[in-house]
Amino acid sequence: MISFESDYICGAHPKVLEKLVETNMVPVSGYGSDPYCASAAEKIKAACGCPEAEVRFITGGTQTNQLIISTMLANYEGVVAAKTGHVSTHEGGAIEYTGHKVLELPEKDGKLQAETLNKYLKTYWSDGNHEHMVAPGMVYISFPTEYGTLYSKKELTDLYGICREYDIPLFIDGARLGYGLASSSCDVTIQELAKLCDVFYIGGTKVGALCGEAVVFTHNNVPKGFLTQTKQHGALLAKGRLIGVQFDALFTDDLYFEIGKYAIRLAEELKALFIEKGYKLMLDSPTNQQFPILENSKMEELKKEVAFSFWEAYDENHTVVRFATSWSTQEEEIQKLAQLL
């Protein structure tokens, strides 16, 4: 059995594991107050070209999305997101569980359009009854999107301009940020991205770490009592070093960015393979997630030897599935898939 099921199907990149073993017996303080977290934070700020930023480490993506949204919103506010956005679809109601509604808007190829957002906010504030409605208090997008697509620098600039006009923060979910930045279709750097939002996170879980995400608050805007609120959510790791050590390794010698480049190269091979074999793709994803459309009978046959993810029904006889590459994907696996197809 070979697997393209997701980008976190294996443990951690060998260099991350080496760092964990190397530092294992060094006693340090807990809850993220250790030298490894401090070193990782400095390396991340340098990589982002944002020395004034504040970095916090959280164990996973759902906890991170829930924490950022719930701590930055007032209790009467909701978060605006694309209808296909991760917080709208694959968070199991984690955002709503905190008492904040996800305000869904139409999207295009997984992306929230500036004109759609502007129209929504303008309509909300011009409504004489808006005080009886959930207030849009934040905008959430992901980079890449759920469909592996990317926002251009212009699209990010336009979205952030609207957010600033209405004085609400823009939050970028970067669970797969490393794969987005490595794409040949990406025209924004991590330094530019840091300037085009109020908070974003650098995903580790899906990009070489055992677990962990690094949240970057870009404008001296860490919510008051953030550590206490993290603990209230059950998301404060006593052995905070676990995440700090991993990000310290990921941001040494550009490992994080090299992982992204490697996965993108193999994703391009995967895309070319499906096209060569006559399969259609739901859309042209430029990142590590590819979405071929399979005939249902062939899909069931392929499942016997290949792991991949269901995405959505295409029609009565076809299904859109997802194949993902990562640091752990091997050339031999793509060669075997080619034989099976």
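What volume does the largest cavity have? I looked this up in a predicted model, and the answer is about 70 Å³.

**Entry 1: the cavity**

I counted the cavities of 30 Å³ or more and got 1. I then listed the lining of the largest cavity: Ala81, Ala82, Thr84, Gly85, Gly110, Tyr140, Ile141, Ser142, Thr145, Glu146, Tyr147 and Tyr151. The largest share, 3 residues, comes from E5. By class I noted 6 nonpolar, 5 polar and 1 charged.

**Entry 2: the largest pocket**

I turned to the pockets next. The largest pocket has a volume of about 360 Å³. It is lined by 23 residues, and I recorded Tyr8, His86, Ala175, Arg176 and Lys206 as the closest to its centre. Helix H3 (residues 61–72) gives the largest share of this lining, 3 residues. The lining of the largest pocket divides into 6 nonpolar, 11 polar and 6 charged residues.

**Entry 3: the second largest pocket**

For the second largest pocket I noted a volume of about 280 Å³. It has 17 lining residues, of which Tyr31, Gly32, Arg56, Phe57 and Leu236 are the closest to its centre. Two or more residues of the lining come from each of helix H2 (35–48), strand E2 (54–58) and helix H10 (226–232). With 4 residues, E2 gives the most. I sorted the lining of this pocket by class and found 12 nonpolar, 4 polar and 1 charged.

**Entry 4: threonine 59**

I found threonine 59 in the loop between E2 and H3. Which side chain does the side chain of threonine 59 make a polar contact with? The partner is glutamine 63, at 3.1 Å. Leaving out residues up to four places away in sequence, I listed its contacts as Thr205, Cys211, Gly212, Glu213, Ala235, Leu237 and Ile243.

**Entry 5: the nonpolar cores**

The largest nonpolar core has 63 residues. Inside this core I noted Ile44, Phe143, Phe200, Ile202 and Phe247 as the residues with the most contacts. H2 supplies the largest share of this core, 7 residues. A second, separate core has 21 residues, among them Leu67, Ile95, Phe171 and Val199. As background, nonpolar side chains in soluble globular proteins tend to be buried together.

I also looked up phenylalanine 200 on its own. Not counting residues up to four places away in sequence, phenylalanine 200 touches Cys48, Phe171, Ile172, Leu177, Leu193, Ala194, Ala214, Val215, Val216 and Thr218. One of these contacts, Phe171, is a member of the second core.

**Entry 6: asparagine 288**

Where is asparagine 288 placed? I located it in the loop between helix H12 (255–276) and strand E9 (289–290). Is asparagine 288 buried or exposed? I put it down as buried, because its relative accessibility is 0%, and the cut-off for buried is under 20%.

I checked the polar partners of this side chain next. The side chain of asparagine 288 makes a polar contact with the side chain of aspartate 7 at 2.9 Å. A polar atom of the asparagine 288 side chain also lies 2.9 Å from the backbone oxygen of threonine 325. Again leaving out residues up to four places away in sequence, I listed the contacts of asparagine 288 as Asp7, Arg176, Tyr179, Ile264, Ala267, Phe323, Ala324 and Thr325. Arg176, one of these contacts, is also among the residues closest to the centre of the largest pocket.

Notes. Residues are numbered from 1 along each chain as its sequence is written. This is a predicted model: local features need pLDDT of at least 70, side-chain atom pairs count only at pLDDT 80 or more; totals for chains, interfaces and linings use all residues. Side-chain values use heavy atoms; hydrogens and water are left out. On a 1 Å grid over the protein atoms alone, a cavity is a set of points where a 1.4 Å probe fits but cannot get out, and a pocket is an open set with protein on both sides within 12 Å along at least five of seven lines; lining residues have an atom within 4 Å of a point. Grid points are joined across faces, edges and corners, and a volume is the space filled by probe spheres set on the points. Ala, Val, Leu, Ile, Met, Phe, Trp, Tyr, Cys and Pro count as nonpolar, Asp, Glu, Lys and Arg as charged, and the others, Gly among them, as polar. A polar contact is a pair of N or O atoms within 3.5 Å; within protein, one must be able to donate a hydrogen and the other to accept it, and residues adjacent in sequence count only if both atoms are side-chain atoms. Contact means heavy atoms within 4.5 Å. A nonpolar core is a set of buried Ala, Val, Leu, Ile, Met, Phe, Trp, Tyr and Cys residues joined through side-chain atoms within 4.5 Å. Buried means under 20% relative accessible area, exposed over 50%, partly exposed in between (1.4 Å probe, protein chains only).
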